[in-house]
Amino acid sequence: MSRRTRILSHITLILVSVIMLTPIYWVVKTSISGENLFTYPPSIVPHDPNLFYYVQAWYTVDFVRLFTNSLAIAVLVVVVNLVLNAMAGYALTKHFPGKGMVLGFLLASMMIPFHATIIPAYLLTAKLGLLNSKLGIALPFFSHIVCIFLFKSNFEAIPSSLVQAARLDGLSELRILTRIMLPLSRPAVATNIILSFIWSWNDFLWPLIVVRSPDQETMPLGLVSFLASFEDTTGALYAFCVLVVLPSMLVFLLAQKDFIRGLTTGATKG
Amino acid sequence: MRNHWVWNRFTITFGMIALAIVAWNIYVSFNDGGRIVGKVVDAMGQPVAGAQVVFWRQTVTSLEKVAETRTDAEGHYRFHNNGQYALVLTARIANAQSARHTVPLWFRNQNVQIAPIVVE
């Protein structure tokens, strides 16, 4: 790549980054200045910035309860996802009769949107007696097919001689998975953690349907309650939005290096 | 190997967050008496004795009176257990009164020293 092309591509990437980051900047700016969204002309730099809107958002809703509910559900989802997806991904690296059908079934399932299965999911959750509970909120997120395929491609990238050597040493399949496959698939584990955490943390529709009482509400539901009750408190509303997205941004930033590697591992195999 | 598990970006980040939360809570526990202290002065900056100071609570739609007191000979006033995270104070005496004085706080029931309220 010539120097001129490199500079051009960098300029393009910087411009695209600015466009992508502008809404985030605007939310943060409004959360510390409380400026009306429709102020004309809009100011790029916040006037009289302060953090008191965060204090207002913290006390206006029961923030600790919303946060702990979301966190408990997200942790549950992440742990169960890791266990189930890793086991499923490992099983799919094996050869067994009907493997093609299982793969086809999983791929076909990905094409059905969650909204189309929401009524059966609700009825099933109700039959299990899990409505209005954290387990009921977490249940549909216990496994993601994308993550199963991610583990599968990562496991397939590990040399089979390693697995055979472990088998000769007498390790069971479960121990091969936990002692060899998972430690060598750190990017896949990081990707799984990020994706399942963010999907669980940000989900709005399913908790809205399952949750009946305020003590089980998650952060996105709290945000809607906040919006419904206090529509004119712009600064506090945006501060609450920042507090809602902050944990998922933190998890992503901490694991982004492994996340990018996790998405590309296996893609270059062979 | 052990160091790698202890000193990585996850443990450091979450450790720092936990440390900040603990430090903040210690600070709050030492400063949450809800004490409001301030002074009422006139346009010349002289203390105003016997001024009526009212402490209001901001609700979604209006102001609700929480407490009221009078300034001493040196223009000082004091409230206890404010129980709020944002204060609104007004002062008046005879024909003079102050503008509405809004003071946001960092946490509920914070001890706070208010800048002089001017009545004119």
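Accessible areas come from the Shrake-Rupley method with a 1.4 Å probe, and for residues only the protein chains shown count as cover. On that basis, chain B has an accessible surface of about 7,700 Å². Carbon and sulfur atoms hold 58% of that surface.

This is a predicted model, where local features need pLDDT of at least 70, side-chain atom pairs count only at pLDDT 80 or more, and totals for chains, interfaces and linings use all residues. Residues are numbered from 1 along each chain as its sequence is written, chains are lettered from A and ligands numbered from 1 in the order in which they are written, and side-chain values use heavy atoms, leaving out hydrogens and water.

Chain B contains 2 helices and 9 strands. Helices (H or I, at least four residues) and strands (E, at least two) are DSSP runs, numbered from the N terminus. Along the sequence the order is α-α-β-β-β-β-β-β-β-β-β. The radius of gyration of chain B, taken over C-alpha atoms, is 21 Å.

Of the 120 residues in chain B, 32% are buried. Buried means under 20% relative accessible area, exposed over 50%, partly exposed in between (1.4 Å probe, protein chains only).

Now to chain A. A:Ser70 sits in helix 3 (residues 63-91). A:Ser70 is buried, at 4% relative accessible area. Not counting residues up to four places away in sequence, A:Ser70 touches A:Trp201, A:Thr218, A:Met219 and A:Pro220. Contact here means heavy atoms within 4.5 Å.

Definitions and conventions: Rg over C-alpha atoms; globule rule 2.2 N^0.38 Å.
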